[in-house]
Amino acid sequence: MLFRRQPRSTVTSNPAGAGIYAELARWIPPERLVLDHSELKVYECDGLPLHKELPGAVALCASRQEVIAVVRWCNEKNVPFVPRGAGTGLSGGATPTARAVVLDLNRMNRVLHVDLQNRYAVVEPGVINIKLTHEVHADGFHYAPDPSSQKACTIGGNVAENAGGPHCLKYGMTTDHILGLEVVLPDGETARLSGPLAENSGYDLAGLFVGTEGTFGIVTEITVRLVPNPESIRTFLAIFPRMNLACRTVAEITRQGILPAALEILDQLTIRAVEASVFKAGYPQDAAAVLLIEIDGLDAGMDEEEQKIRQIAKENEAIEFRTARDETERLKLWKGRKGAFGAMGRVNTDLYVLDGVVPRTRLENVLNEVYEIAKRHGVTLANVFHAGDGNLHPNISYDGRDPDERSRVLLAGREILEACVRAGGSISGEHGIGLEKMDFMPLCFTEEDLQLQKDLRRAVDPRNLSNPAKIFPDSKSCVEVGKRHATLVPL
Ligand SMILES: Cc1cc2nc3c(=O)[nH]c(=O)nc-3n(C[C@H](O)[C@H](O)[C@H](O)COP(=O)(O)OP(=O)(O)OC[C@H]3O[C@@H](n4cnc5c(N)ncnc54)[C@H](O)[C@@H]3O)c2cc1C
C-alpha cells in the first residue's frame, strides 16, 4: 500500500442481514440508506447522461466513521464502491459501476476550522465550493478555484477532478490550493497526506491524490489554501464580429505579459441562449463572440492595464469595449458566463459538454475545425470556454431519445478531442476522464505511460474496488459496465 496509515478504527462485524446491501443498515441508519429501485435511479448518472447504471445501494454518509464502515464492508463482500459529491461531474466519474455502493458525501458539509493568520481552512468533502468563500469573504479572503458549477459542486468532487474555473488562469487549479488531505483508502484504512504547512517534506502525496477521480479512495477532510481578496477588480466585455478576432485578442494579451484573472469567450449560439434565459447578462445577440476579461490586484497600475487591454481589443477589431461600472454590473456579466451551460437547456433536451485543451495560439484554428466537425455530423454545437487556459468547452445540444443523433454526437465528440490532441493539446482540462474519455486515453499516452499510471493505481487499490471501470481504456473489461454481479479482476 502506497500511503502512510493510521491505526484501524473499530468496526463491528456484519450481522446475518436480509438482502446483501441491507447489511449496511448496521452502520447507516435506514433513512440514510437508499435501497429502493426508484430512489436508486436518482444516482444512475452524473452530469453526463450519455452513460447510466443503477447502483446496488447508496449510503448517505454523515461521518468519516460511516465512510470507513461502508468501505470495509465493500472489501469484505468484494463489492465496488463509488464516491459521490454533488453529481455535477461531466465525465461520468460518479456514475456507478454495476452493483456498486455509492457513498454520497453531501452530509459531510462542515467547515471545521479557519486559520486566517496561516491562510488555510479545513473542510469536510461535502462543503459546497462557494460556501467556503461566503464563510471567509467578510474577513478579506476567498477560496480561489471557482468552477462555473460552484454554487452546487463540492470541494471533495473538486479535489477528485482537479477542478478549474474562470479565475484559475491567474490563481491556479484546485491542486494549487490543496495543502493536505485525510483519505479513507480503498481497504478502509485512513491516511493523512500533507497538512497546513506551506512547505511539507517527503513525497507530495496530497498532490498525487488530487485528480484521481475517486480511484484512490475517498477524501474525508481537506485543508485548503485561502487567498486574500484583491484590493481592486475590473471587469470588461469586448465584443467581436468574428470568433477568430476574440481568440487573437486572448493570445496577444498573454503575449504582452498581462495576466488577467480571467479570460472567457462565449460564441453567438451561447450568447443567444444566455440572453433568452434567466441568466440574461446584456450580451449583444448579434455579436459573433464576446470576451469577458477580468483583472484584479492593487489599485495602482489598474488604469494602465485596462488601457493596454482596451488597445489590444481595438487592434483586433473589437466592435465595442464595455467596462462594468459597479459590482451589480460586474456580477451580471458573470451571471451570464456562469449560467451558460444551464442556459443551453433551452436549445434541446440533452447537453454534451466537451472538455479539451489546446495551446492558446491554436484556439482559432481548432475552433474552426470544431465548427466544421459539428456541421459535417449535423449536430448543434456552441462554444463557451476558459480561453486564457486554452480550455475549450464545445457544447453539443441533442435529443438523447434519438439514437441516430446520439451516435452522431459521440462521433463528433471523438473527432473534436482528436483535433485538440493533434494541435498539441489534451483530452481534458478540468472535467476528468471518468467513463466518457477512457477510450481516448491512448490519444495522449503511450502504452508505457498508461501502464505506469495503472501500476500506481494498483499499488493504492490492489483489489480494484474504488471507482473501478473509470479512466483506463481496458478497465471496462475488469468490471463490465452494464452487467450485474460482474467479476472483479485487478488491473
Ligand atoms: C453547469 C456546470 C458547470 C461546470 N463548470 C465547471 C468548471 O468551470 N470547471 C470544472 O472544473 N468543472 C466544471 N463542471 C464539472 C463539475 O462541476 C466538476 O467536475 C466538479 O468538481 C464536480 O464536483 P461534484 O461535487 O459534483 O462531484 P461528483 O460529480 O459527485 O464527482 C466527481 C468525481 O469525484 C469523485 N468524488 C466525489 N467526491 C469525492 C470524495 N470526497 N473523495 C474522492 N472522490 C470523490 C467521484 O467519484 C467522481 O469521480 C461543471 C459542471 C456543470 C454541471
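**Reading the strands, helices and shell**

Guide: Let us begin with a pair of strands: β13 and strand β18 (residues 380-386) run antiparallel and are joined by three bridges. The model is a predicted one.

Visitor: What makes β13 and β18 paired strands?

Guide: Pairing requires at least two bridges between two strands. β13 and β18 have three bridges, and therefore they count as paired. Within this pairing, I265 has F385 in β18 as its bridge partner.

Visitor: With which strand does β13 pair over six bridges?

Guide: That strand is β14 (residues 289-297), and the sense of the pairing is antiparallel. Here D267 stands opposite A289 in β14.

Visitor: Why is β13 called mostly covered?

Guide: Strand β13 covers residues 262-267, and six of its six residues are buried. A residue is called buried if 20 or more other C-beta atoms lie within 10 Å of its own. A262, E264 and L266 point one way from the strand, while L263, I265 and D267 point the other way, and all are buried.

Visitor: How do you know that F141 is buried?

Guide: Around F141 there are 21 other C-beta atoms within 10 Å. The cut-off for a buried residue is 20 or more, so F141, with its 21, is called buried. F141 has its place in strand β7 (residues 141-142).

Visitor: Which residues are in contact with F141, leaving aside its neighbours within four places in sequence?

Guide: They are L116, V136, L226, V227, P228 and N229. A contact here asks that the C-beta atoms of two residues, placed from the backbone, lie within 7 Å. As for G434, which is 293 residues apart from F141 along the chain, the C-alpha atoms of the two are separated by 33 Å.

Visitor: What is the order of the strands in the open sheet?

Guide: The sheet has five strands in the order β5-β6-β10-β8-β9, with antiparallel pairing.

Visitor: Why are β5 and β9 said to stand at the edges?

Guide: β5 (111-115) and β9 (190-194) each have a single partner strand, so one side of each is left without a neighbour in the sheet. On average, neighbouring strands of this sheet are turned by 10 degrees against each other, direction ignored.

Visitor: What joins strand β8 to β10?

Guide: Six bridges join strand β8 (residues 178-184) to β10, and these strands run antiparallel. I178 has V224 in β10 as its bridge partner. β10 is described as mostly covered, with eight of its eight residues buried.

Visitor: How is the packing of helix α7 and helix α9 described?

Guide: Two packed helices are described by the angle between their axes and the distance between the axes. For α7 (residues 243-255) and α9 (residues 302-315), the angle is about 140 degrees and the axes are 9 Å apart. T249, E252 and I253 in α7 meet I309, I312 and A313 in α9. By class, this contact of α7 with α9 has four nonpolar, one polar and one charged residues.

Visitor: Which residues are closest to the ligand?

Guide: The closest are G85, G89, G93, G156 and G157, among 37 residues that surround the ligand. The elements that give two or more residues to this shell are β3 (81-84), α4 (155-161), β10 (218-225) and α11 (340-343). The largest share, five residues, comes from α4.

Visitor: What are the classes of the residues in the shell around the ligand?

Guide: The shell has 14 nonpolar, 18 polar and five charged residues.

Definitions and conventions
Residues numbered from 1 in each chain as written. Predicted model: local features only at pLDDT ≥ 70, side-chain atom pairs only at ≥ 80, totals over all residues. Axes fitted to C-alpha atoms, helices over the stretch in contact; angles between N-to-C directions. Helix = DSSP H or I, 4+ residues; strand = E, 2+ residues; numbered from the N terminus. Nonpolar A, V, L, I, M, F, W, Y, C, P; charged D, E, K, R; others polar. Near = placed C-beta within 6 Å. Buried ≥ 20, exposed ≤ 12 C-beta atoms within 10 Å, placed from the backbone.
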